[in-house]
Amino acid sequence: MATIDITNLRKEFGDGNERIVAVEDFDLTIQDGEFLVFVGPSGCGKTTTLRCIAGLEDVTEGTIEFDGEDVTDRRARDRDVAMVFQNYALYPHMTVRKNIGFPLRLSTKKSTDEIDDEVEAIASMLGIETLLDQKPRELSGGQQQRVALGRAIIRDPQLFLMDEPLSNLDAKLRSTMRTELQELQTELGVTTAYVTHDQTEAMAMGDRIAVMNDGELQQVGTASEVYRAPENEFVAGFIGSPSINLLTADVDGATLRGPGGFAYEMEDPSLVEGHDRIRVGVRPEDLELDPDGGMPSEVTVVEEMGNENFLYAVMGDIDITARIESVIHPEAGKTVTFGFDEEDLYLFDAETTEAVKTK
Ligand code: ADP
Ligand code: MG
């Protein structure tokens, strides 16, 4: 187990004028025993960050410390980390038993019997004890992923690094494995950095979530913190499904004026004082149908979810999504008016995209 300190990390690829900055200005501490999830769109630098922590990439700048010890120049195999990948990376010609036991056979003086005992204990923890004599190709995706996990666990590392380990599984299995992985991590208590592009997965799994965009860390916090108190517009837009509704409004005294006839008079104008233009955000669950609401919109589609309806509409050229009670079912083409409570508004400065008001 370990506390991981990443300071001023920068990673560039390429040379000369063909340089790509994959990660920059990156500072983060992963607490001992924590399950930290890196999330962000494809290409934002998640895998690169993980590979720098693992020692699989040389860093361009910055330091990485494990429990206060500088490991920046230490080789991957000397860092005592175990990585689990999306594609499992099992040895096809080896049985499950051999695959899981492989790291021990490679690195310790343990006897074959001792290794077999450990393999069996871990296999039963993962529910794959009956598969030990099979080959990877005879297993389902979920079973293969468990073998890959077993191979990581048997090393008893101070840190687990997992790069989209569930993304090749179907939706149902992915959600079961999420829970299992979390339980396993809690049981083992090993510090874990986990990468996903899926914000729902990040929200469900992480003790804390590190939201990345374009090589930079945007915010680190619990699921509730990044949802309710996003520090900028990117985090607000990325976290939450369906996504937050956003529009640009001119600040005219206490009134916010936007496209498609949007007009809203602030109860507390001091919130927007000093800002010329504001990005106004409202989460789909915070919109309500209200004739005096100030957001006249034309309904395009209503999706019935059973316990609620998703209402898609357009206000001018702005798409609006609302989650409303299942008993309310306006027809497509109809004009409705949405409203909201001011306390539910998310406001961002239109130039800097920094939060001006959150929940
Ligand atoms: P993510 O895992 O978030 O999808 P990556 O860390 O894989 O993102 O990539 C971040 C950026 O670095 C991307 O622009 C990607 O093209 C670039 N990149 C990643 N690995 C390499 C490499 N080995 N050589 C050159 N560019 C790379
Ligand atoms: Mg990646």
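**Labels and their cut-offs**

User: How many residues of the shell around ligand 1 are nonpolar, polar and charged?

Analyst: The shell divides into five nonpolar, five polar and one charged. Ala, Val, Leu, Ile, Met, Phe, Trp, Tyr, Cys and Pro go down as nonpolar, Asp, Glu, Lys and Arg as charged, and the others, Gly among them, as polar. Before going on: this is a predicted model, where local features need pLDDT of at least 70 and side-chain atom pairs count only at pLDDT 80 or more, while totals for chains, interfaces and linings use all residues. Residues are numbered from 1 along each chain as its sequence is written, chains are lettered from A and ligands numbered from 1 in the order written, and side-chain values use heavy atoms, leaving out hydrogens and water.

User: Which residues are around ligand 1?

Analyst: Phe 13, Ile 20, Ala 22, Pro 41, Ser 42, Gly 43, Cys 44, Gly 45, Lys 46, Thr 47 and Thr 48. To be near the ligand, a residue needs a heavy atom within 4 Å of it. Helix 1 gives the most, with three residues. Helices (H or I, at least four residues) and strands (E, at least two) are DSSP runs, numbered from the N terminus.

User: What makes the approach of ligand 1 to Gly 43 a polar contact?

Analyst: An oxygen atom of ligand 1 sits 2.6 Å from a polar backbone atom of Gly 43. A polar contact is a pair of N or O atoms within 3.5 Å (within protein, one must be able to donate a hydrogen and the other to accept it, and residues adjacent in sequence count only if both atoms are side-chain atoms), so this pair qualifies. Cys 44 makes one from its backbone at 3.2 Å, and an N or O atom in the side chain of Thr 47 makes one at 2.8 Å.

User: Why is the ring pair of Tyr 91 and Phe 102 called tilted?

Analyst: A ring pair is described by the distance of the centres and the angle of the planes. The search of the whole structure finds six aromatic pairs. In this one the centres are 4.7 Å apart and the planes at 50°. Rings of Phe, Tyr and Trp (its six-membered ring) pair if their centres lie within 6.5 Å, with planes under 30 degrees apart stacked, over 60 edge-to-face and the rest tilted, so tilted is the word here. Tyr 91 is in the loop between strand 6 and helix 2 and Phe 102 is in helix 2, so the pair ties together parts 11 residues apart in sequence.

User: Is Tyr 91 buried, exposed or partly exposed, and how do you know?

Analyst: Its relative accessibility is 29%, so Tyr 91 counts as partly exposed. Buried means under 20% relative accessible area, exposed over 50%, and partly exposed in between (1.4 Å probe, protein chains only). Phe 102, at 22%, is partly exposed as well.

User: What about the rings of Tyr 264 and Phe 340?

Analyst: Their centres are 4.9 Å apart and their planes at 50°, so that pair is tilted too. Tyr 264 is buried at 11%, and Phe 340 is buried at 8%.

User: What makes Arg 283 sit over the ring of Tyr 227?

Analyst: Arg 283 lies over the face of Tyr 227, 3.9 Å from the ring centre. The rule asks for NZ of Lys or CZ of Arg within 6 Å of the ring centre and within 35 degrees of the ring normal. Arg 283 also lies over the face of Tyr 346, at 4.9 Å.
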